[in-house]
Amino acid sequence: MSISFLSTQLLSVENLSVSFKTSRGLVKANENISFEIKEGEIFGLIGETGCGKTTLGKALLRLLSNNARIEGRIVYRGKNILSLSEKEMRSLRGKKIGIMLQDPSICFNPVLSVGSQIAEIYRYHEGMRKKDAEKKASEMLELVGIDSSRKSEYPHQFSGGMLQRIMIAVALALKPRLLIADEPTKGLDPDMKLQILEIITKLVRKENSSMLLITHDLDVATKLTDRTAVMYAGEIVEIGKTATVISDPKHPYTFALLHSLPEKGLMTVLGQSPSLISPPSGCRYHPRCSNQLADCSKIHPELLEHVDDHFVRCLLSEKNSKNVRRKGSKNVRREAQLIPDTPSPGCAEVGVWHC
Ligand SMILES: Nc1ncnc2c1ncn2[C@@H]1O[C@H](COP(=O)(O)OP(=O)(O)OP(=O)(O)O)[C@@H](O)[C@H]1O
Ligand code: NI
């Protein structure tokens with residue numbers, strides 16, 4: 001009998017909406033987002049710049065700024081993250097759910113050696129003695145291919161690619177069950193990018209942990225993820241097994257992404273990204289869509305299941321498909337919350353990557 005590693009749900013995001021209060025108006029960065037990440041699964045999140053990916057990644061750990069308002073539920077192993085106390089959040093961040101943000105250079109303390117920054121995580125979270133924590137830090141450096149004899153060196157003494165590796169060591173130090181990796185290889189050349197992402201995925205898979213991999217890069221998503229969600233203007237427009245989404249895209253935006261030419265590593269689709277303060281009526285993609293129907297500017301399509309866990313938000317696909325089902329049709333209790341006015345979590349708490 002084979003054991004399925006992808007069967008148990010680790011995280012479930014239910015009708016999540018995030019908006020930011022700004023002087024220009026309310027920026028609706030995430031609207032009604034629902035998806036699950038299973039144990040051992042690498043889940044990709046793709047979409048063009050400004051569509052709301054980072055907002056979603058940060059919302060999962062409640063790392064958003066004080067002008068953010070969150071609705072919905074984020075359930076991690078049966079507990080709604082949005083209802084946890086700050087104390088409970090402290091034991092979740094870094095330890096159960098880790099996060100790697102885009103730019104490693106801003107994530108390290110310039111006046112502390114990299115070894116002591118990693119050791120500090122073990123001291124803070126696991127109460128380790130200095131010597132043991134330093135030993136663990138050396139092991140982590142070796143694991144990501146950095147000679148541990150360099151542990152006393154400072155961040156500026158490492159190249160960008162090496163700092164990315166050290167950031168991996170930081171993010172995985174506590175063996176989190178879920179790693180949120182937000183464009184962790186931004187700015188690196190394509191070969192180095194894939195090499196680093198392969199190190200991350202190898203380590204994540206080794207622990208049978210899960211990962212939310214946020215990327216602009218379809219090639220990366222194709223090579224490394226099990227399932228993928230495509231985001232457009234704050235909404236998920238398509239979600240399914242990566243191989244299916246790539247080989248048989250059902251949403252015109254996914255199709256356009258697949259056929260766009262990568263420019264400076266970013267995907268570009270003809271037309272302009274819509275405003276998230278006053279998004280287009282009906283389908284948000286309709287002003288850029290070459291397949292639009294008369295109703296597309298009036299009716300806001302639902303995310304519907306076409307076949308076998310493949311969900312699409314498009315009236316045309318809906319029309320062309322015989323058996324469509326609604327995603328998560330159960331009623332979700334909506335809990336509006338303002339992020340409490342708490343100080344930003346310290347670096348050792350989340351790892352040194354959030355400063
Ligand atoms: N703290 C904030 N206050 C106000 N608006 C914000 C804040 N953070 C993000 N936004 C807005 O929310 C929207 C989504 O931004 P987000 O950073 O989540 O996009 P993204 O998909 O990660 O983009 P990129 O690919 O460029 O990283 C943007 O319009 C952005 O300007
Ligand atoms: Ni981002």
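Predicted model: local features only at pLDDT ≥ 70, side-chain atom pairs only at ≥ 80, totals over all residues.

Visitor: How many bridges join S1 to S2?

Guide: Strand S1 (residues 9–22) and strand S2 (residues 25–38) run antiparallel and are joined by 10 bridges. Strands are DSSP runs of E of at least two residues, helices are runs of H or I of at least four, and both are numbered from the N terminus; two strands pair if DSSP finds at least two bridges between them. A hairpin of 2 residues connects S1 to S2, and Leu11 has Ile37 in S2 as its bridge partner.

Visitor: And what stands opposite Glu14?

Guide: Opposite Glu14 is Arg73 in S4. S1 pairs with strand S4 (residues 68–76) in the antiparallel sense, over 8 bridges.

Visitor: Is Tyr76 buried or exposed?

Guide: Tyr76, in strand S4, is buried, with 21 other C-beta atoms within 10 Å. A residue is buried if 20 or more other C-beta atoms lie within 10 Å of its own, exposed if 12 or fewer, and partly exposed in between, with C-beta atoms placed from the backbone.

Visitor: Which residues does Tyr76 touch?

Guide: Leaving aside residues up to four places away in sequence, Tyr76 touches Leu11, Ile81 and Ile97. Contact requires C-beta atoms, placed from the backbone, to lie within 7 Å.

Visitor: Changing topic, which residues of H6 are buried?

Guide: In helix H6 (residues 190–206), the buried residues are Lys193, Ile196, Leu197, Ile200, Leu203 and Val204. Seen down the axis of H6, they fall within an arc of 125°, so they line one face of the helix; the arc is that of the directions from the helix axis to the C-beta atoms.

Visitor: What does the face turned away carry?

Guide: That face of H6 carries the exposed residues Asp191, Lys202 and Lys206.

Visitor: Which residues come nearest to ligand 1?

Guide: Phe20, Thr49, Lys53, Thr54 and Thr55 come nearest, of the 16 residues around ligand 1. A residue is near a molecule if its C-beta atom, placed from the backbone, lies within 6 Å of it.

Visitor: Which element gives the most to that shell?

Guide: H1 gives the most to the shell around ligand 1, with 3 residues.

Conventions:
Residues numbered from 1 in each chain as written. Chains lettered and ligands numbered in written order. Expected span 1.5 Å × (residues − 1). Contact = placed C-beta atoms within 7 Å.
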